[in-house]
Amino acid sequence: MTLRFFPLAILCAALVGCQGAQPRDARAESPTSAAADAAGATAESTTDREMTFAAWLADFRRHARDEGIAEPTLERALTGLRYRPRVIELDGSQPEFVRPIWEYLDSAVSATRIDKGRQRLAEHRDTAERMAARYGVPSEVLVAIWGIESSYGDYLGDFSTLEALATLAYDGRRSDFARGELMAALRIIEAGDIPPARMKGSWAGAMGHTQFIPSSFLAHAVDGDGDGRRDIWGSIPDVMASTAHYLDEAGWRQGQPWGTEVRLASGFDYSLTEPDTRRSTAEWQAAGVRALDGGSLPSFDSAAVITPAGAQGPAFLVGHNFRVILRYNNATSYALAVAKLSDAIAGRPGIQGDWPREQPPLKRSDVRDMQHLLNERGYNAGTVDGILGPNTRRGLRAFQRDIGVTPDGFATQALLERLRS
């Protein structure tokens with residue numbers, strides 16, 4: 001289970017800047033130019049960080065020893081560990097644009113990924129079905145998580161987990177969390193599951209084919225092939241057993257679907273389309289929720305209706321198992337990608353409704369501007385943080401009602417321009 005907001009395969013940072021034409025002058029050609037000064041300052045800063053990192057690491061090593069980690073483990077795991085500036089760059093980077101969900105799903109549930117998922121399931125069917133029988137989680141769901149998290153093992157990440165977590169614990173935004181994960185990583189090594197050199201993953205410390213963070217590994221990883229080790233880097237039985245065990249422990253209900261795409265009645269109250277607004281299937285039917293094909297809806301005792309693109313896009317009735325997938329990664333786009341990839345691998349239809357692809361993406365600065373303007377006008381969008389959360393959607397719905405448009409809470413450039421005017 002990762003601690004990032006999107007799977008490893010789509011994590012990126014735009015680090016290359018544009019350089020406009022500048023007039024030549026003596027300073028531009030001098031070894032004491034601004035560029036040289038900046039490079040020197042950066043080198044000095046990095047050297048200082050490395051020195052203080054070494055002191056921090058020595059202190060952490062003493063703490064780990066006090067916590068019961070054996071000296072041979074500390075020697076193997078921590079000796080020679082480096083400070084990684086790139087980890088801090090990635091930790092502090094934030095995409096300029098809020099990526100539309102349809103763009104994410106286009107890549108996460110692409111034809112190539114579906115075909116490869118079917119191939120991987122065919123190759124490992126016995127293992128997948130054995131784990132499905134043991135834990136009650138369908139084999140296509142296990143393969144879908146594998147596909148979303150690492151593209152079936154093609155992108156495991158090449159950062160040393162120990163170096164990444166040590167860097168984040170020393171210099172990151174969530175240092176206490178990273179420090180705890182680093183301690184968990186030491187316990188994994190001490191248990192003999194993986195040697196330090198093979199413990200690699202994302203910059204954020206997520207590891208293996210299905211991207212467990214170390215504490216999740218300790219709690220949920222399983223030896224699926226019976227060799228006495230839990231190897232989510234090299235053993236597909238261990239990968240599938242660990243993923244299935246995680247979902248089982250999170251409360252997966254055997255035999256229940258994740259949900260289904262639905263049609264909403266004209267005049268449907270979109271204020272009800274929040275994940276924490278839950279009703280039984282019968283109650284949703286009474287509110288105007290219908291199956292796309294006119295058939296029966298799944299029988300849920302507690303389900304939500306979600307509309308990731310508001311009234312302009314498809315709607316979904318999602319049950320308990322959808323919330324279990326969110327336990328793996330708490331993003332609606334992620335859970336929907338896993339759900340629809342698993343459907344596709346199993347031969348079930350894809351999303352039928354159209355996305356509003358003509359809508360230009362919002363910049364995070366646009367979202368902050370929207371939140372500020374909503375608050376300024378008394379619509380209470382909450383913290384101005386550039387995140388389109390429930391408070392922002394609630395404030396936006398109130399504004400939409402006042403201007404006479406469908407109050408679906410879907411943020412667009414057109415609504416932002418109305419607010420600005």
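**Helix α9**

Select helix α9, residues 161-171. In this helix, T161, L162, E163, A164, L165, A166, T167, L168 and A169 are buried, where buried means under 20% relative accessible area, exposed means over 50%, and partly exposed lies in between, with a 1.4 Å probe and protein chains only. Helices (H or I, at least four residues) and strands (E, at least two) are DSSP runs, numbered from the N terminus.

The model is predicted: local features need pLDDT of at least 70, side-chain atom pairs count only at pLDDT 80 or more, and totals for chains, interfaces and linings use all residues. Residues are numbered from 1 along each chain as its sequence is written, and side-chain values use heavy atoms, with hydrogens and water left out.

**The aromatic cluster**

Next, select F53, W56, F60, Y83 and Y170, which ring pairs link into a cluster. Rings of Phe, Tyr and Trp (its six-membered ring) pair if their centres lie within 6.5 Å; planes under 30 degrees apart count as stacked, over 60 as edge-to-face and the rest as tilted. The count by this rule comes to 17 aromatic pairs. In one of them, the rings of F53 and W56 have centres 6.0 Å apart and planes at 15°, so this pair is stacked. F53 and W56 are 3 residues apart in helix α2 (residues 34-66), a separation of about one helical turn. Are these two residues buried or exposed? F53 counts as buried at 2% relative accessibility, and W56 counts as buried at 14%.

Y83 and Y170 form an edge-to-face pair, 5.7 Å centre to centre, with 90° between the planes. This pair links distant parts of the chain, 87 residues apart: Y83 is in the loop between α3 (71-78) and α4 (85-92), and Y170 is in helix α9. Y83 is buried, with a relative accessible area of 8%.

**The nonpolar core**

Now select L162, L186, M199, L247 and Y334, the residues with the most contacts inside the largest nonpolar core, which has 90 residues. Such a core is a set of buried Ala, Val, Leu, Ile, Met, Phe, Trp, Tyr and Cys residues joined through side-chain atoms within 4.5 Å. Helix α15 (residues 332-345) supplies the largest share of this core, 9 residues. In soluble globular proteins, nonpolar side chains tend to be buried together.

Centre the view on M199. Not counting residues up to four places away in sequence, M199 touches, among others, F159, L162, I188, M207 and W233, where contact means heavy atoms within 4.5 Å.

Move to F212, in the loop between β2 (200-201) and α11 (214-220). F212 counts as buried, at 0% relative accessibility. F212 and I232 are 20 residues apart in sequence and 8.5 Å apart in space, C-alpha to C-alpha.

**The sheet**

Select the open sheet of 4 strands, whose order is β4-β3-β6-β5, with antiparallel pairing. Two strands pair if DSSP finds at least two bridges between them. β4 (289-291) and β5 (304-306) stand at the edges with a single partner strand each, so one side of each is left without a neighbour in the sheet. Strand β3 (residues 259-264) pairs with β4 in the antiparallel sense over 3 bridges. Which residue in β4 is the bridge partner of R263? The partner is R290.

**Charges over rings**

Finally, select R174 and F177: the charged end of R174 sits over the ring of F177, 4.4 Å from its centre. The rule requires NZ of Lys or CZ of Arg within 6 Å of the ring centre and within 35 degrees of the ring normal. R279 likewise lies over the face of W284, at 5.4 Å from the ring centre.
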